[in-house]
Amino acid sequence: MSGLLAEMTAKAHALNVPLNVQLDLTYRCNERCVHCYLDHDDHGEMTTSEIKRLLDEMADAGVFILTLSGGEIFLRKDFFDILAHARRLMFCVKLKTNAVLIREHQARRIRELGVHSIQVSIYSHRPEVHDAITLVPGSLQRSLKAIRFLKSQGLKVTIANVLMTENWNDYPGVRALADEFGVECTLDPTVTPMMDGNRSTLRLGVDTATLREVFRDKTLVGDVEEFCAVSEEASEDSLEALPCSAGHTACYVSPYGDVYPCVQFPLPTGNVRQQRFVDIWRDSAQMKEVRSIRLKDLTTCTQCTHVTSCTRCPGLAYMEGNMRGPSSQDCEKSLARTGIASANMLSKKRVAANLIQIRTLAAPTGATA
Amino acid sequence: MTKLYVARSPRVAARSLDGEMMIMSGQDSTLFTLNKTATILWQAADGATPLDQIVEQKICREFEVEPAVAMKDAESLARQLASHGILQLDEQPIVSLGTGEPR
């Protein structure tokens with residue numbers, strides 16, 4: 001984050017302004033990615049006019065960065081109408097898409113409307129791997145063609161690569177592809193449970209040994225020693241820090257108008273069909289609860305070596321059952337990075353040890369040694 | 001004396017935060033913040049109102065400043081903002097279909 005953006009974010013936090021919102025326009029999708037956390041049926045998406053009214057409310061509430069995502073955003077026939085409205089309201093608009101439906105015309109329109117950047121999901125440089133993840137034959141070629149259209153319009157494109165068991169070997173190939181296109185590339189090893197709580201997708205996540213290898217790739221992390229270093233002991237000040245921006249300067253709105261602290265934090269806080277966006281943001285009891293949590297309030301994690309350097313996601317912790325608890329996936333990342341088990345992992349080991357503890361039976365009354 | 005017209009660039013993103021305007025350039029994603037005076041100028045830059053009129057009606061009324069001094073500062077500021085691509089300048093009224101509504 002640039003210095004000025006960090007400064008404005010701090011100011012937004014002090015003023016309780018939701019600077020950054022992700023709005024999913026639809027959960028429908030033209031791909032069926034094996035790791036996806038969404039139910040792709042339409043359960044009553046917001047209409048064009050409902051979304052426009054929401055955008056007006058968001059602009060009035062001070063939202064600056066608006067990420068339009070899905071599902072696949074280009075499946076909405078009113079997508080450009082919504083985008084044009086968002087740009088009239090002068091949001092900094094970022095798009096997340098698989099880009100399969102983007103042709104020259106769409107790329108030109110995106111540029112004309114002054115979109116900030118477009119994130120395109122690419123899982124491998126090899127069609128047989130990418131298409132096996134999206135379950136759509138030919139999808140890699142179509143997405144790559146779209147990136148060329150977007151680049152030819154001078155747009156800023158980022159390739160987003162999710163690291164899974166099925167594709168982890170291919171991340172250097174995806175990075176090479178990004179270099180060839182002259183676009184940025186992000187790599188995320190987080191696979192999330194489905195929004196309904198189903199955790200079957202987690203089996204696709206890479207194991208600690210693989211993560212350990214990835215975290216020691218200097219082309220990815222730069223200074224490996226620094227990246228993998230154990231953090232210094234937490235000070236009282238550092239424990240006053242916020243766990244993340246969810247609910248503080250950022251939130252998420254679903255296609256049905258439900259507001260959550262983050263796309264990865266499915267704690268319902270209100271619905272914009274019933275209440276004004278700003279009222280949910282300011283007054284929802286759930287938002288206030290999320291907002292009240294500091295690092296010092298976390299159970300287990302405050303005792304952990306990694307407490308100040310961990311990537312702990314409060315949403316993943318919530319999905320594990322406690323928004324103040326640990327997020328096991330992030331414990332795995334800290335272990336892979338530093339080689340040191342988290343407090344959560346150690347406490348689970350202790351519980352496991354207790355379960356197999358052998359107790360000496362008391363001698364029966366009257367027995368003699 | 002030739003009139004100078006100013007219009008907000010349609011390629012930028014902008015939002016007011018506690019009276020201070022945050023603007024992100026569409027050219028290179030650079031973030032700017034404008035102070036109160038610059039924010040007034042930028043918000044009034046509709047492409048149709050000449051700069052001297054904006055200065056007289058918006059800036060001189062808000063701040064106790066001599067019109068000539070305010071005009072000189074405003075022109076310098078407008079040229080500076082134009083050099084970053086966040087404002088358009090012309091001697092003719094500017095018709096910009098994409099100019100947004102700053103909030």
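How many helices and strands are there in chain B? Chain B has three helices and six strands. The model described here is predicted.

## Chain B: overall build

Along the sequence, the elements of chain B run β-β-β-β-α-β-α-α-β. The radius of gyration is 13 Å, and the globule rule gives 13 Å for 103 residues, so chain B is as compact as a globular protein of that length. Its C-alpha atoms fill a box of roughly 35 × 30 × 20 Å along the principal axes.

Of the 103 residues in chain B, 30% count as buried. Contacts in chain B can also be split by sequence separation. Among those between residues at least 6 apart, 57% join residues at least 24 apart.

## Chain B: the three-stranded sheet

Three strands of chain B form an open sheet in the order β5-β1-β6, with antiparallel pairing. β5 (46-50) and β6 (87-90) of chain B are the edge strands. Each has a single partner strand, so one side of each lacks a neighbour in the sheet. From one strand to the next, the twist averages 25°.

Strand β1 (residues 5-8) of chain B pairs with β6(B) over four bridges, in the antiparallel sense. Within this pair, B:A7 lies opposite B:Q88 of β6(B). Helix α3 (residues 67-83) of chain B packs on the sheet. The helix touches β1 and β6 of chain B, and its direction makes about 120° with that of β6(B).

## Where chain B meets chain A

The contact between the chains involves 18 residues of chain B and 20 residues of chain A. On the chain B side, the elements giving two or more residues are β2 (13-17), β3 (20-24) and β4 (31-34). β2(B) gives the most, with four residues.

What classes of residue make up the side of chain B that touches chain A? Eight are nonpolar, five are polar and five are charged.

## Chain A: overall build

Chain A holds 15 helices and nine strands. Its radius of gyration is 23 Å, close to the 21 Å that the globule rule gives for 369 residues, so chain A is as compact as a globular protein of that length. Along the principal axes, the C-alpha trace of chain A spans about 90 × 50 × 40 Å.

Of the 369 residues of chain A, 43% count as buried. For contacts in chain A with a separation of 6 or more, residues 24 or more positions apart account for 69%.

Helix α7 (residues 171-181) of chain A has A:Y171, A:V174, A:L177 and A:A178 as its buried residues. Why do the buried residues line one face of the helix? Seen down the axis of α7(A), they fall within an arc of 115°, so they share one face.

β5 (157-162) and β6 (184-188) of chain A are among the elements that cover the buried residues of α7(A). The face turned away from the buried side carries exposed residues: A:P172, A:D179 and A:E180. After α7(A) comes A:G182, with a positive phi near 75°.

Notes:
Residues are numbered from 1 along each chain as its sequence is written. Chains are lettered from A and ligands numbered from 1 in the order in which they are written. This is a predicted model: local features need pLDDT of at least 70, side-chain atom pairs count only at pLDDT 80 or more; totals for chains, interfaces and linings use all residues. Two residues are in contact if their C-beta atoms, placed from the backbone, lie within 7 Å. Ala, Val, Leu, Ile, Met, Phe, Trp, Tyr, Cys and Pro count as nonpolar, Asp, Glu, Lys and Arg as charged, and the others, Gly among them, as polar. A residue is buried if 20 or more other C-beta atoms lie within 10 Å of its own, exposed if 12 or fewer, and partly exposed in between; C-beta atoms are placed from the backbone. The arc is that of the directions from the helix axis to the C-beta atoms. The radius of gyration is taken over C-alpha atoms; the globule rule is 2.2 Å times the number of residues to the power 0.38. Two strands pair if DSSP finds at least two bridges between them. Axes are lines fitted to C-alpha atoms, for helices over the stretch in contact, and angles run from 0 to 180 degrees between N-to-C directions.
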